[in-house]
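Thank you all for coming; I would like to take a few minutes to walk through one model and its sheet. Please have a look at it first.

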Amino acid sequence: IDAIVAEGKHRTAQAFRSFLIDSFDRMIAKGWRKDNPARVLDEVRVKVMRARLTLEAFQSVYRATEIVWLRNAMALAIVTGQPRECIAAAQFSDIRDGGWWNERGKTGARIILPMTLRLREVGLSLEDVVRQCRTTGVVSKHLIHQTQRAKGARLGKKMHVDMITRVFSAELAALGLDWGDKEPPTFHEIRSLSERLYKTQGDVNTQELLGHKDPRTTALYHDGRGEWVRVNFGG
């Protein structure tokens with residue numbers, strides 16, 4: 001297995017390890033052995049290279065999809081740079097005093113995004129996106145909510161993070177784009193695209209925007225003091 005890994009064939013090594021475990025399990029079942037030495041082998045991890053989401057691909061999905069809530073989720077993600085958990089959890093009651101008061105569930109980071117926050121490359125401000133979410137014709141407390149009648153889907157309900165990811169991936173796959181030897185980007189990659197676009201735009205502190213504490217990874221994780229951090233926007 002080590003030799004296979006050394007050749008860079010991680011998936012082959014992973015499959016061979018599984019084969020060995022299965023083989024020794026069969027020996028135990030037949031009474032030939034009492035132990036399975038393959039089970040103590042280190043798990044072979046395969047690092048999947050994922051393609052970066054380009055602005056062109058984002059815009060292609062955004063224009064092509066007929067799913068209103070997905071378009072709204074994409075717009076909210078690209079303009080704010082927030083992770084899918086925050087996108088799914090966003091409520092209209094969080095919009096107050098000229099901003100989106102967004103508290104991270106995992107890290108506790110508290111970020112206030114001004115409604116004037118604007119990403120010029122997509123021609124949308126946060127205020128535009130919130131207005132877009134209000135005009136679905138469906139009453140809901142959530143910005144991203146069910147807008148279509150379907151079996152088991154209640155109009156206005158909150159969209160689950162996994163549903164957002166799955167539907168985005170399906171809509172992206174439907175375009176038939178070529179990603180070479182890499183995996184297609186997921187909804188989460190919109191966050192990275194947003195950061196890159198704002199970095200080029202130059203008037204937004206992307207470290208504050210993404211809520212990262214360490215500038216090397218660009219993330220302002222909650223520092224334990226509980227303050228709200230208002231993102232600076234020079235536009």
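Predicted model: local features only at pLDDT ≥ 70, side-chain atom pairs only at ≥ 80, totals over all residues.

What is the order of the strands in the open sheet? The order is S1-S2-S3-S6, four strands with mixed pairing, and the edge strands are S1 (95-96) and S6, each of which pairs on one side only.

Residues are numbered from 1 along each chain as its sequence is written, and side-chain values use heavy atoms, with hydrogens and water left out.

As for terms, helices (H or I, at least four residues) and strands (E, at least two) are DSSP runs numbered from the N terminus, and two strands pair if DSSP finds at least two bridges between them. With that, the protein chain has nine helices and six strands.

Let me now turn to S3. Strand S2 (residues 99-103) pairs with S3 in the antiparallel sense over five bridges, with tryptophan 101 opposite isoleucine 112 and tryptophan 100 opposite leucine 113. S3 and strand S6 (residues 228-230), by contrast, run parallel and are joined by three bridges, where arginine 110 has tryptophan 228 as its bridge partner.

Why is S3 described as largely enclosed by the rest of the structure? Because four of the five residues of S3 (residues 110-114) are buried, meaning under 20% relative accessible area with a 1.4 Å probe, protein chains only. Across the protein chain, buried residues make up 43% of the 235 residues.

Terms used
Buried < 20%, exposed > 50% of the residue type's maximum accessible area, 1.4 Å probe, protein only.
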